[in-house]
Amino acid sequence: MSEREATEPRAYVGMGSNVGDRAGHLLLGVRGMLDAGLAVARLSSVYETEPVDFTDQPAFLNAVAEIVAPLPPPEQLLARLLRVEYALGRRRATRRGPRTLDLDLLVYGLQTRATALLTLPHPRLHLRRFALAPLAELAPDAVHPALGATFAALLRACADRSRVARWKPPR
């Protein structure tokens with residue numbers, strides 16, 4: 001655990017979009033988090049990624065936002081994220097299918113929990129290159145609360161070989 005993590009817990013939110021104006025949806029997601037009273041301190045680069053699990057869909061743009069104090073309790077933070085998704089057109093018609101905006105609470109400080117509503121850290125975080133790459137960019141030395149490894153180490157060890165590349169906006 002870094003000194004910063006011990007004194008100032010941070011939450012990391014994975015963002016993804018693969019429908020319509022993908023970059024615009026990510027920006028609106030950041031704006032929605034700010035409007036919901038969340039202190040977005042930093043953003044990773046944007047990555048273009050191929051879909052995993054349900055692969056018959058367009059490529060995603062993914063990024064991670066770092067949220068700093070004051071942090072609402074994890075369940076309230078998740079509720080705010082779900083409201084932002086919904087306000088921006090997210091409907092859960094197909095499991096893991098195309099989406100205007102997906103906001104996933106990846107990590108909340110060093111907390112671990114498993115409830116009917118929320119699992120922390122995100123249960124598939126360490127298996128997903130599209131989430132680990134932007135997270136390791138922001139917090140390479142931060143430690144996964146359940147696994148005890150840094151996010152940089154988890155990214156290096158990740159068996160997921162799906163395409164994840166920094167996105168270059170069209171000119």
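Let's start with a residue that is tucked away: threonine 49 has a relative accessible area of 0%, so it counts as buried (buried means under 20% relative accessible area, exposed over 50%, partly exposed in between, with a 1.4 Å probe and protein chains only). Before going on, a word on what you're looking at: this is a predicted model, where local features need pLDDT of at least 70, side-chain atom pairs count only at pLDDT 80 or more, and totals for chains, interfaces and linings use all residues. Residues are numbered from 1 along each chain as its sequence is written, and side-chain values use heavy atoms, with hydrogens and water left out.

Threonine 49 sits in strand E3, residues 47-49 (helices, H or I, have at least four residues and strands, E, at least two; both are DSSP runs numbered from the N terminus). Leaving aside residues up to four places away in sequence, threonine 49 touches Ala59, Phe60, Asn62, Phe130, Arg163 and Val164 (a contact means heavy atoms within 4.5 Å). With Asn62 there is also a polar contact, side chain to side chain, at 2.6 Å (that is a pair of N or O atoms within 3.5 Å; within protein, one must be able to donate a hydrogen and the other to accept it, and residues adjacent in sequence count only if both atoms are side-chain atoms). As for Arg163, it is 114 residues from threonine 49 along the chain, yet the two C-alpha atoms are separated by 5.5 Å.

Phenylalanine 60, one of those neighbours, belongs to strand E4. Its relative accessibility is 8%, so phenylalanine 60 is buried too. Its contact list, again without residues up to four places away, runs to Gly16, Ser17, Asn18, Arg22, Tyr47, Glu48, Thr49, Pro51, Gly97 and Arg99.

### The whole chain

Now zoom out. The chain has five helices and eight strands, and read along the sequence they come in the order α-β-α-β-β-β-α-β-β-β-α-α-β. The radius of gyration is 15 Å, close to the 16 Å that the globule rule gives for 171 residues, so the chain is as compact as a globular protein of that length (the radius is taken over C-alpha atoms, and the rule is 2.2 Å times the number of residues to the power 0.38). Along its principal axes, the C-alpha trace spans about 40 × 35 × 35 Å.

Of the 171 residues, 46% are buried. Take the contacts between residues at least 6 apart in sequence, and 69% of them join residues at least 24 apart. On the charge side, you get 23 positive and 17 negative side chains, with the centres of the two sets 2 Å apart (Lys and Arg count as positive, Asp and Glu as negative, and His and the chain ends are not counted; each charge is placed at NZ of Lys, CZ of Arg, CG of Asp or CD of Glu).

Which residues of H4 are buried? They are Arg129, Phe130, Ala131, Leu132, Ala133, Pro134, Leu135, Ala136 and Leu138. That makes nine of the 10 residues of H4, so the helix is largely enclosed by the rest of the structure. Phe130 in this list is also a contact of threonine 49.

Leucine 132 has a relative accessibility of 0%, so it counts as buried. Beyond residues up to four places away, leucine 132 touches Leu125, His126, Phe151, Leu154, Leu155 and Cys158. Tyrosine 108 is 24 residues from leucine 132 in sequence and 15 Å away in space, C-alpha to C-alpha.

Arginine 128 lies in the loop between strand E7 (119-120) and helix H4 (129-138). At 12% relative accessibility, arginine 128 is buried. Its contacts, with the sequence neighbours up to four places away left out, are Val52, Asp53, Arg96, Cys158 and Asp160. Cys158 is on the list for leucine 132 as well.

| Cis peptide bond | Omega |
|---|---|
| alanine 69 to proline 70 | about 5° |
| leucine 120 to proline 121 | near -15° |

### One more loop residue

Threonine 100 is in the loop between helix H3 (74-87) and strand E5 (102-108). At 15% relative accessibility it counts as buried, and its side chain reaches the backbone oxygen of leucine 88 at 3.2 Å.
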